[in-house]
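Here are a few friendly notes to read alongside the model. Please keep the structure open as you go through the points.

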Amino acid sequence: MIDASRIITEALVQSGADVFVGYPITPSNLFYTYSKERFPEFLAGPDEISVLQWMCGYSAAGKIPVTATAFPGLALMTETLNMAYMMELPMVLIITQRLGPSTGSATTGAQGDLKFLDGIISGGFPLPIFSPSNFNDAWTLSNEALKTAVKFRTPVIILTSKELVMTQKSFDMSSLEPLEKVDRTPKEFKFPFQPYKAGLDMVPTFYPLGNDEYQVRFNSSTHDNEGLIRKGTPESLANTWRLREKLEKRIDEYSFFELDAENGAEDLIVTWGVSADASRDSVNSIRGKGKKVSLLIVKTMLPISQKIYDIIDSYKTITFAEENMTGMFKEMIFGKRTTSKIKTATKFGTMLTPSEIEEKVN
Amino acid sequence: MEAAKKILTNVKMPFCPGCGHGICVRSTSKALENLGYGPNDVVLVSDIGCSGLVDPLFATHTIHGLHGRAPALGIGVSLGLDNPNKKVVVIQGDGGATIGLQHILEASRRNIDMTLIVINNLLYGMTGGQMSGLSTNEFKAYKHSDDDADPYDVVNLAHQSGAAFSVRVNDISNFTDTLKEAINTPGFSLVELSSLCTSHGMKKVADMKGFIVAEERLVNNRPIGVSKKRTKNSLLSSVKVLEKQFESTIEDSTGIVIAGSAGGGVQSAAKILAQAGILSGLYTTMKGEYPITVGTGFSVAEVILSKKPIHFTGLEKPSAVIAVTEEGWNKVKNRVAHESKVLVDRKICADCSVDVKDFLKVGGKMGAALSAVSYWVKETGVFPVEALFKVVESSKYAVSLQKAIQSAEELREVVYSYIPENKKRTN
């Protein structure tokens with residue numbers, strides 16, 4: 001038997017993650033335990049702010065750091081997460097959702113942190129959020145998350161939930177293909193080297209602090225191509241704007257979803273994360289009764305790809321299946337207003353069940 | 001180290017006229033150059049505030065972060081570089097030092113190889129000259145502040161936490177030599193430098209004498225803190241592989257809720273049941289629920305045994321609800337569905353309408369849950385009870401686990417026994 005915490009931890013190490021820095025918190029504890037067993041380097045931080053600051057230091061020095069936490073830890077990390085985003089430092093944060101608000105119920109699962117993550121970078125900048133829906137996703141999506149972090153020079157989030165990462169399941173481990181280790185060779189660049197000068201791919205070439213070839217400057221404040229504070233110059237504002245562009249314009253390079261489309265279906269279930277398996281069962285049950293239904297499992301939650309909008313627009317009714325109060329992903333697509341076209345199968349405090357989803361679809 | 005080059009750029013100092021920060025910057029560069037460091041050998045980590053304006057002045061690598069967090073960022077840079085030929089120098093002011101006091105203590109505790117320069121101008125310069133946690137009472141009285149809490153002695157705090165070298169220097173003529181000594185010290189060094197704030201504090205260096213804390217110089221002889229590197233095996237290689245050995249009668253799927261109290265073996269009983277299911281060719285899931293206080297209160301586990309792959313791991317209608325303690329029963333009794341078989345210990349309710357058995361009596365506190373699970377397996381015949389024995393066979397607690405499984409037999413009329421393969425006699 002195996003759990004997704006083990007799978008994600010192993011996948012990240014095999015993909016090239018160098019160091020785990022953590023402060024334990026339920027329900028992310030297994031990540032801490034497994035990382036201590038597996039990572040080439042493991043550091044126990046005294047608090048979550050320190051954890052993410054240390055990670056930024058490691059990342060700026062050329063290493064790929066990983067941590068795992070839950071909402072209370074993420075809340076403390078928020079300012080530093082913005083710093084990592086502004087400095088363009090690759091790293092992976094695993095967030096295991098639990099029931100809130102505040103300390104809430106640490107051992108109860110939920111899907112309640114998506115909207116917080118949607119606005120977590122001040123100014124509305126997109127942060128890549130990956131949400132595995134099962135064990136195989138946990139393996140491949142962790143690899144994609146780490147590759148995205150390096151390729152786009154950005155922190156990324158792997159968004160999980162208590163029941164997804166703590167439940168043990170029988171599992172055929174031979175279904176896990178070997179993972180490709182991320183390549184950290186610096187990209188070619190146009191001389192002279194400037195730490196924040198980007199080419200057409202909108203991502204500056206990364207050289208670590210302390211390297212002997214080029215002077216490197218990282219900066220958390222609005223900065224120019226040299227990495228020096230510049231308030232409101234065209235170059236510095238363009239540099240900040242680029243942070244959005246590099247992720248929005250190249251979204252199809254890291255946007256993942258699973259569409260189980262049934263010919264002639266007018267109903268679509270849209271779901272993510274821990275609610276995906278309940279939705280899979282629900283779809284099987286609905287189809288077993290002779291009704292047509294399609295299923296869209298979103299795996300890159302943010303930013304939202306145009307492909308997701310297009311799929312949703314092609315159905316007559318859409319049921320959002322999520323383990324939160326109001327349907328957070330639904331609200332990110334359609335806002336708070338609900339029409340006859342849009343339904344929400346939501347749950348608070350316990351797992352959303354297949355029959356509850358089926359009831360809403362019908 | 002690279003050939004000697006200037007540590008500073010030609011950029012003009014950005015500080016107010018007469019500000020002491022320029023002296024601190026020049027002293028730092030002189031110290032580094034005198035010690036033979038070139039620009040690419042040094043990583044300057046800067047904070048927020050007047051001291052955070054230093055980046056353009058340095059031709060070194062620079063990283064400019066958040067208010068108060070520069071020492072924490074420096075810890076990450078130093079451990080990440082892990083290179084004794086590179087020097088991490090962190091600069092922050094008195095405001096940053098109190099925001100991130102924990103980081104200073106942590107750098108000291110771990111004796112991280114870097115030098116922190118705290119430029120103390122006794123106030124918050126950028127926001128209007130408010131008092132800081134390093135403002136002295138004399139200075140606060142001079143500024144007509146009502147706050148009379150004593151300032152932090154950041155030099156002594158670092159020393160008490162284990163810093164290799166911590167020092168306060170008030171005389172600007174000693175800045176460079178003291179910084180050289182700090183930078184040359186292996187491990188964590190903290191240098192508090194007094195700096196004049198002409199905009200909000202004083203106009204002359206001579207005026208500072210009555211307002212600053214006396215010089216201090218403290219040493220700890222300790223090894224440098226490093227992050228250990230290790231090579232570890234795959235986490236997948238330690239997962240127990242279970243192959244089918246027994247047959248199951250389950251045609252579809254069945255779900256069981258097992259409830260008891262923390263420390264009563266509920267989670268391990270559930271895992272043994274799930275693993276026995278795999279040995280019987282079934283797909284299985286097992287999840288636990290317990291209060292955040294792991295060692296007390298209820299302990300509940302859910303197991304699904306299924307002929308088909310399992311997607312949803314929740315249990316809408318359990319086939320069986322088993323409870324061996326009252327707090328466990330109270331937690332799960334509302335889970336009982338119409339089709340649920342209920343098994344509870346006699347101590348919970350002797351006269352209940354549900355099936356009552358003496359699980360605690362025959363299995364003991366630690367074995368009651370496994371005893372109940374074993375009883376359910378035998379009663380339902382979902383798979384041979386030998387599958388349970390097989391799972392526990394290689395456990396270091398094999399004897400007590402086998403005893404718990406066996407104890408279920410006392411609750412049944414039919415007697416059975418199991419002899420592990422390696423204990424069977426051959427004729």
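1. A word on terms before we start: two residues are in contact when heavy atoms of theirs lie within 4.5 Å. Please also bear in mind that this is a predicted model.

2. With that in hand, which residues does B:Ala276 touch, leaving aside those up to four places away in sequence? They are B:Phe383, B:Ala387, B:Leu388 and B:Val391. B:Ala276 itself sits in helix H9 of chain B, which covers residues 266-279. Its relative accessibility is 0%, so B:Ala276 counts as buried. Along the chain, 109 residues separate B:Ala276 from B:Val385, yet their C-alpha atoms are 8.5 Å apart in space.

3. Over in chain A, have a look at helix H1 (residues 4-15) and helix H6 (residues 135-151), whose axes come within 8 Å and cross at roughly 30 degrees. The crossing is right-handed. Among the residues that meet here are A:Ile8 and A:Leu12 from H1(A), and A:Trp139 and A:Leu146 from H6(A). Sorted by class, this contact has nine nonpolar, four polar and one charged residues.

4. A:Leu12 turns up again in the largest nonpolar core, of 147 residues, where A:Leu12, A:Phe218 and A:Phe329 touch the most other members. Contacts of A:Phe329 include A:Leu114, A:Trp272, A:Met301 and A:Phe320. There is also a second, separate core of 47 residues, with B:Val266, B:Ile322, B:Val362 and B:Leu370 among them.

Key
Residues numbered from 1 in each chain as written. Chains lettered and ligands numbered in written order. Predicted model: local features only at pLDDT ≥ 70, side-chain atom pairs only at ≥ 80, totals over all residues. Heavy atoms only, no water. Axes fitted to C-alpha atoms, helices over the stretch in contact; angles between N-to-C directions. Helix = DSSP H or I, 4+ residues; strand = E, 2+ residues; numbered from the N terminus. Left-handed = near helix turned anticlockwise from the far one by under 90°. Nonpolar A, V, L, I, M, F, W, Y, C, P; charged D, E, K, R; others polar. Core = buried A, V, L, I, M, F, W, Y, C linked by side-chain atoms within 4.5 Å. Buried < 20%, exposed > 50% of the residue type's maximum accessible area, 1.4 Å probe, protein only.
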